[in-house]
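Grab a pencil and work through these exercises. Try each task yourself before you read the solution.

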Amino acid sequence: MIRSIDDYVNGKLGMQEVDALWIQLLRYPEYYRYLKTQAALKKQYRKNHTPHNIGLGRKLISASTAPWIATAAALLLVFLLYSIFRITYTPQINPVMNEINLLHLISPDVTRSSTQESLSEEEQLLQNAFSLSIAGDINRAIGIYKSLEEDEHYRNTVLFNQGILYYNVGNYSDAVSAFNQTACRDFSDNLYTEQCFWFLTNSYIAIEEFERARETAQQTRASNGIYRNDADVLLKRLEKHP
Amino acid sequence: MDYLKLITAIKNGKQKELDTLYTEAFDILCGYLRSTMRANLPDAEDCAQHAIMMTIKRIQNNAIKEPESIYSYLIQSAKNRYLRVRFENNRSNYQDNMEPYIPVEEQTDYLVTEEEQLALENCLEKLPSDSKSFIDFWLTYPNSQARDVAEKFGISVNNVWIKKHRIIKKLTDCIEKKIGE
């Protein structure tokens with residue numbers, strides 16, 4: 001969604017894609033405000049600057065025909081900036097995971113069907129949502145998960161799965177909301193409990209809620225599972241963070 | 001807009017919740033018509049209201065089979081209504097091949113009010129210098145790729161998006177706060 005908004009503001013979408021984006025904006029109104037901020041930024045910068053209509057990398061380098069004096073001055077400037085940067089730089093804390101592997105999505109045990117026992121309607125929906133997620137149709141998958149939210153038996157599963165999908169599309173606020181509503185301790189399998197706390201920790205970090213991230217990282221560590229070491233390292237980094 | 005909340009609010013007559021959802025959808029539909037087709041404000045408001053009322057009626061009549069289709073129905077309905085209004089207003093000059101949309105690169109220019117633009121200007125001043133230079137770079141080179149930005153700032157591509165998301169979110173919150181003051 002964030003990338004589509006970026007493309008829209010830069011005029012890189014076709015009209016069909018534009019309509020598809022507006023449909024998503026109706027669904028997730030918080031991104032409408034996000035789009036407006038980007039649009040305002042673009043206007044603001046157009047007022048103050050002349051944008052360079054080239055990318056970086058080779059084009060920019062080959063466009064440069066500056067004499068050697070300018071090169072030397074630039075090198076000096078880079079050195080000075082680097083020196084200042086070294087003095088003032090405070091490391092940023094970023095999420096440990098770039099994305100969550102979709103194999104962590106909880107799906108029904110389909111192997112049962114081979115024993116002639118058919119899936120229930122809800123299990124069939126979960127299975128469909130899982131397949132859609134793998135196929136990359138995230139919006140439809142989330143729609144299915146949402147339709148099962150009121151079902152007490154599947155609520156935890158669908159919230160957990162939604163959290164993963166939101167995280168992977170960069171919608172970290174909704175990922176936090178979904179993982180937060182998941183009763184992590186209610187999972188019968190301790191692995192899911194630990195993952196639930198760990199994914200929530202990373203989501204908190206993405207939206208810079210460091211205090212809460214610290215709490216959930218401690219809960220991850222207390223689960224004493226596969227993420228314990230990662231949680232330890234992260235907690236140490238968080239200790240140094242102001 | 002959460003369609004489950006919308007359906008529940010309509011069916012249970014929860015007026016307060018319905019008002020909130022209505023306002024949200026109304027603003028976005030007006031934004032859509034004003035930016036993509038440069039509708040004037042009165043026409044955009046009329047068409048947005050019409051689209052929402054039609055959708056509510058369909059929900060009340062149980063005519064929406066797939067709840068997910070509510071969003072595209074709203075957009076389509078607002079668009080059709082606006083094209084109809086435009087046709088009625090320009091009947092004498094109407095041509096079948098008239099392009100209903102303005103060029104995509106110009107569309108978002110019509111989204112922001114002067115008040116919002118001013119608020120952004122103030123919010124930008126409060127942004128830490130590293131965030132300012134990050135956004136400045138991104139906007140100065142609009143065609144650069146996330147990987148270029150990642151290389152320039154010595155961070156991973158994923159963190160480029162996270163950093164950008166955080167900054168825009170901060171600015172969005174700041175604008176809202178300023179307008180609410």
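**Exercise 1.** How many residues of chain B are in contact with chain A?

Some ground rules: residues are numbered from 1 along each chain as its sequence is written, and chains are lettered from A in the order in which they are written. You're looking at a predicted model, where local features need pLDDT of at least 70, side-chain atom pairs count only at pLDDT 80 or more, and totals for chains, interfaces and linings use all residues.

*Step 1.* Two residues are in contact if their C-beta atoms, placed from the backbone, lie within 7 Å.
*Step 2.* By that rule, 45 residues of chain B touch 45 residues of chain A.
*Step 3.* On the chain B side, α9(B) gives the largest share, eleven residues.
*Step 4.* Sort that side by type and you get 23 nonpolar, 13 polar and nine charged. Nonpolar covers Ala, Val, Leu, Ile, Met, Phe, Trp, Tyr, Cys and Pro, charged covers Asp, Glu, Lys and Arg, and the others, Gly among them, are polar.

**Exercise 2.** How many helices and strands are there in chain B?

*Step 1.* Helices are DSSP runs of H or I, at least four residues, and strands are runs of E, at least two, numbered from the N terminus.
*Step 2.* Count them up: nine helices and zero strands.
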